[in-house]
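Biologist: Let's go through this model together. I will ask, you answer.

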There are 2 protein chains.
Amino acid sequence: MRPFRNIRRRMRASALVLGIAILAFGPVHARDDHLRSWNDGPTKKAIVEFVRKTTDKASPDYVPPGERIATFDNDGTLWAEQPMYVQALFAVDRVKALAPQHPEWQTQEPFASVLKGDLKGALAGGDKALLEILMATHAGMTTDEFQRIVKDWIATATNPVTKRPVLEMVYQPMVELLAYLREHGYKTFIVSGGGIEFMRPWAEQVYGVPPEQVIGSSIMTKFEKRDGKAVLVRLPEMNFIDDREGKPVGINQHIGHRPIAAFGNSDGDREMLEYATTGSGPRFGMLVLHDDAKREFAYGPASGLPDSHVGTFTQSLYDEARGRGWIVISMKDDWKRVFPSSR
Amino acid sequence: MRPFRNIRRRMRASALVLGIAILAFGPVHARDDHLRSWNDGPTKKAIVEFVRKTTDKASPDYVPPGERIATFDNDGTLWAEQPMYVQALFAVDRVKALAPQHPEWQTQEPFASVLKGDLKGALAGGDKALLEILMATHAGMTTDEFQRIVKDWIATATNPVTKRPVLEMVYQPMVELLAYLREHGYKTFIVSGGGIEFMRPWAEQVYGVPPEQVIGSSIMTKFEKRDGKAVLVRLPEMNFIDDREGKPVGINQHIGHRPIAAFGNSDGDREMLEYATTGSGPRFGMLVLHDDAKREFAYGPASGLPDSHVGTFTQSLYDEARGRGWIVISMKDDWKRVFPSSR
């Protein structure tokens, strides 16, 4: 089993790289001068004012700490999602890593196309193909094993367009916003369509969000005892899809409160923002518009930006944001810098 | 709709009673002299020693704060579950409250038996009857409405045997243990077979455990907009059963770590304790044995105590506890007092 020994060795090495990478990012959670990567302007001002009025005991909009719940989408809101979701890159790499154990994949779709690097061809099979790839790469191991696989993979994964580590393509202004909210007594949660167990192994180090505050899509697990040790085995069956109407459902299941602030970037976040902002008392909704082709990517199609299958932000969502008073962030105008390592 | 107006009025009154009741309980979360309702002896000593060695940075068993996760069963571990689960009392009262809207229940089982006060007759229909009662009383409203119903009901609910408020039948030593752990950097979670939305409305005031740290069984919910406001409607369909093998699954889904300490009282907690105590590093498992007929109830059948359908603690669980080094609490010997208001 030489291929596996090599992978293990690579994994150990990459765990080290993750450690170094995190140190090298610079003071991501620096405590002074919060929101320093935000340009001064109405957006930053609105954030600061919302936090002030909900935390100042003299304010009529004061909210007690236990109810200061803020939820954040992940892909496209906290880190880059173009040219495809990071979890899709992971699935492709896992198909390649597991291929020696599955000689039949050389000719069997959707795996044959994945192995040839033809992702479009692989996804021609629609949802069924996607689910097959997902289950082949995400199920069949214990939760502890999967955590280790993700941790090791993400330490060296790079974006196919920019060639930069995916962990260096988190949005520095949003990381600052998470920390800023927490310092004001907010509990910050991630609420993503992505896999809950795909995000948990690194979300705390990168975003400061512990595993119990990460909500996402999931597959089923099953309790087993192996040599007297209790484990959970990941099964090839969907459990929950944390997207669109699923986001408020997931929020209620995990948090049990209606958030008072929610942050997203696409039509998949619409219901989460509706849920957060239609409760009583002060409410805050915000959407990131990717209008910065120079520093990141530009896509919508809201505001005439190019259409995108990943992270679609429709004109209808844009219009609803206007109507409900949600703030739409312009990456180009509102962010002084986009990524932690850019100066 | 006179009956409903009366219920509403009673609800408002009872919310007030809840407030007073909580104040009257005395200093449930008092910060000095922790564990003062525990007798000095090996059990108390073991708790203090485990907390010391996991929180003392110089200890080889030191555990960083983020991994200090402790999970607690609710029924029979944090409050009394005899002669029947409190949530079953709630269901019975809800059938009575809703009966005027359902004239057909006068003759239709299992409701006819419930209305006659014959619970045994009602449950003769087995799981199907139980599920019918559950769905008729727990579904069909929004999550916000259900929260209000539970909050108002629990404020005046009493135990059918002792006639004391159910909220005064929480175990003072366990409430102190929860607070003691939290003061030492532990995050305390409830992991109960009971309904997640049935516990959340009062768990924070009574146990100091916020809604996002309550895990339990649940029914499905559905996102809807009513007059522009986003709500979640409770559907008459099971979502998740958080009991036995389900407890580790629920823990992983909600917390994403393996707990290092777990507390239960019945065979329903066996897998949770196995999951918590078979990880690496220091681990702590504890089971409450109800052997105090004088101050509470006595049931097992472990240790020759009377058999019970509610909170069954079998000899096989007792033997496993011995084998794995879990501590079995004797209510009679280990607890100085059982309830907050008893002196």
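Biologist: Through which surface do the copies meet?
Modeller: This is a predicted model: local features need pLDDT of at least 70, side-chain atom pairs count only at pLDDT 80 or more, and totals for chains, interfaces and linings use all residues. Residues are numbered from 1 along each chain as its sequence is written, chains are lettered from A and ligands numbered from 1 in written order, and side-chain values use heavy atoms, without hydrogens and water. Of the interface residues of chain B, 100% are also interface residues in chain A, so the copies meet through the same surface.

Biologist: How are α10(A) and α9(B) oriented to each other?
Modeller: Helices here are DSSP runs (H or I, at least four residues; strands are E, at least two), numbered from the N terminus. Helix α10 (residues 246-254) of chain A packs on helix α9 (residues 196-207) of chain B at about 60°, with axes 10 Å apart. Axes are lines fitted to C-alpha atoms over the stretch in contact, with angles from 0 to 180 degrees between N-to-C directions. Angles under 35 degrees count as roughly parallel, over 145 as roughly antiparallel, 65 to 115 as roughly perpendicular and the rest as oblique, which makes α10(A) oblique to α9(B).

Biologist: Which residues of α9(B) does α10(A) meet?
Modeller: Contact means heavy atoms within 4.5 Å. From α10(A) come A:Asn252, A:Gln253 and A:His254. Their partners in α9(B) are B:Ile196, B:Glu197 and B:Arg200.

Biologist: How far apart in sequence are the parts that A:Trp79 and A:Trp202 tie together?
Modeller: The two form a stacked aromatic pair, 4.5 Å centre to centre with 25° between the planes. Rings of Phe, Tyr and Trp (its six-membered ring) pair if centres lie within 6.5 Å; planes under 30 degrees apart are stacked, over 60 edge-to-face, the rest tilted. A:Trp79 lies in the loop between β1 (69-72) and α3 (86-98) of chain A, and A:Trp202 in helix α9 (residues 196-207) of chain A, so the parts tied together are 123 residues apart.
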